[in-house]
Amino acid sequence: MKKYKPYIIGFIITILLEIIVFNFSTWTSMGNTPIDLSSRMEMDMNEEGFFVHINDIDEYVSNVHFDIEIPENCPVKYDIALTDEGNYYDYFLPSDVISSKTPSSFYANLHPYGKVKNLTFTFNFAESAAEKLPYAFHGIMINAKRPFMFNIGRVLLLYMVILFFACVKDKEPGLKAKRISTVVVVAVLVLFGLMLSSSHKLLNEASKPHHQQYKELANSLSKGEVALDYIPEEGLINALNPYDTIYLQANQIDYRADYAYYDGKYYVYFGIVPEILIYLPYHIITGGAFPNHFAVFIFYALFVLGSFLLIYEIKRKYVPLTTWVSYLLIASSTVLCGTYTYIYFTADLYSVPLMAALAFLSIGLYFWFLADRIDSVKKKALYLCIGSLCMALVSGCRPQMLLFSFLAIPVFFETAVKKRELFSKKSIGRSISFIVPYVIVAIGVMYYNYVRFGSVYDFGATYSLTNNDMNLRGMSISRMMLGLGTFLFQPPYVNGVFPYLHTVNLEYSYLGRMVTEHFLGGIITCNVLLWNLGVIGHYKNTLKAKKLRLFIIMSVSFSLIIGLLDANTAGVLQRYTADIAFGLVLSSAVLWLVMCEKRNSFIFNLLKACFFVGIVYTLMVIFNDASGITLKVYNPEIFYQVKGLFRF
């Protein structure tokens, strides 16, 4: 019985929370005397919605119940204005939404000053349903007795959280348990990514025309062309500066936003590797277009697998005493980092090369570490080749992230310098296995660059028809430092309104153009698991003894360099944090492995707490309602159902 005690107590606590806390409004409304105001309503209607006026109420009002029929995925926004004993003139309450699958949203608790005199409700139809207008409004009741609502999803979620803190211990399970637990965790994470990718209406369609670029490039490549089939209009061809898009708009010159334009032709500047691996073969076989969301999911699944293998290999070689439970928490935290979550949730054109780069980096580093550990000469050469191929393919996804290839220095330092088993006369075969994939990929990428832009080093990003002329941005130390500071340390904007995390309004005193978009906060500020990097000095001797210090220093340094480059050449955008985060997140994961090796209960509990906070931030990123692709817009039912979990 003692064995099951935590589970029983956890279940009892969960049920009590559901009954008492989350149904608090039910108990407080039990003594209410409902008053139906439907016969006293005065209604007006227009194309956007309708208005309901109720005068001379003269009652204490604790809540309002709306009797309205709403079609699925067509929520109704409403505003309330009222007068009461303390306010002669109308004052407005915060807006709220009624959603068909969220029963609690049909009720609203009010907190007026004394008796309510007049009530005015303004209901706005969702834009997606404006033409259907299948709403049926029957009436309004005040002081309703709110029904008891037992939410199974909320109960399960609460129970899982309680069991996580009560039952997850720093123990070393048996071999079978290790395998099963790892497979289950990886499968859950992969399915979680699939659920996110398929959770909104953009699964098989692009949110904007320019997100079809990989599809259009596949069509061109299948014909042996690298330029797209679009013919620019004369105004763009003859423009003094075709990259001044404000000028183009002011003069009504048509152009394809976010395409690369060079020498009178349109090109795709996004990485060619995802195109060659997925989009082009699919187009050749089926003649159709491969959805961006499925491409992102494929690379996300590879990233999950690669991350778990990479962190396992580091654990096995350098910190074998760290328990399996700690390893699973650390690896899961790496994958669920909120910075990455944004990429595989939005899953648009921009996410494809980013997610591909992350996948190839994690898998490539894993095979490098594996090659360094393995004794078999043939296997070592094979793993070196696979690892180098993956690392080299990053150049065809996110070229700046190719910088992480220099992590070969700390990975192979002992092997190459001290043991002379790489890059020496006696290791020519292994050296070739390491170098040749880079050479082959470099030839392909450079040739592709040359036939498009006349230079093997030009990837075409500066020719993008975007909101600024990237050819003339130049180099600014101030812009770089301000951008890097934002990428790393910008505080998030959090308030008490679901989904609690909102985009930050970035402002600078920099007297130049800082290109910014919606931003959810800095990488280090928002991802609490990375805060352990602040105590890296305390573990410097341990890291040195385990030969991990140089690896962490270089990983962090490369992330910082990429942050400076992105801020200077492109701007401060939420998606660019994925470029920068890789080295920081990996370094943090390695440091957590080292910190947990001594089986300190405080450190393990700290890891659990950080993991939980990280999950909360990740969920807030998913449900944020101010960036380009949101559930609030593309699947409002899910958004408001989750919001309903927090109604008391």
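Author: Buried means under 20% relative accessible area, exposed means over 50%, and partly exposed is in between, with a 1.4 Å probe and protein chains only. The model is predicted, so local features need pLDDT of at least 70 and side-chain atom pairs count only at pLDDT 80 or more, while totals for chains, interfaces and linings use all residues. Residues are numbered from 1 along each chain as its sequence is written, and side-chain values use heavy atoms, with hydrogens and water left out.

Reader: Is F498 buried or exposed?

Author: F498 counts as buried, at 10% relative accessibility.

Reader: How many aromatic pairs are there?

Author: The count is 56 aromatic pairs. Rings of Phe, Tyr and Trp (its six-membered ring) pair if their centres lie within 6.5 Å; planes under 30 degrees apart are stacked, over 60 edge-to-face, and the rest tilted.

Reader: Why is the pair of F498 and F623 tilted?

Author: Their planes are at 55 degrees, so the pair is tilted, and the ring centres are 6.0 Å apart.

Reader: Where do F498 and F623 lie?

Author: F498 is in the loop between β13 (493-494) and β14 (501-502), and F623 is in the loop between α21 (601-622) and α22 (631-634), so the pair ties together parts 125 residues apart in sequence. Helices (H or I, at least four residues) and strands (E, at least two) are DSSP runs, numbered from the N terminus. F623 also counts as buried, at 11% relative accessibility.

Reader: Which residues do ring pairs link into a cluster?

Author: Y230, Y243, Y259, Y261, Y262, Y266, Y267, F453 and Y463.

Reader: Switching to charges: what sits over the ring of Y350?

Author: The charged end of R575, 3.7 Å from the ring centre. A charge sits over a ring if NZ of Lys or CZ of Arg is within 6 Å of the ring centre and within 35 degrees of the ring normal. K608 lies over the face of F164, at 5.8 Å from the ring centre.

Reader: Now the backbone. Which residues does a cis peptide bond join?

Author: F498 and P499, with omega about 10 degrees. P499 is in the loop between β13 and β14. Most peptide bonds are trans, and most residues other than glycine have a negative phi.

Reader: What is the phi of D58?

Author: About 55 degrees, which is positive although D58 is not a glycine. D58 is in the loop between β3 (49-54) and β4 (63-69), and is partly exposed with a relative accessible area of 38%.

Reader: And what about the phi of D263?

Author: Phi of D263 is near 50 degrees, again positive in a residue other than glycine. D263 is in the loop between β11 (260-262) and β12 (265-267), and is exposed with a relative accessible area of 67%.
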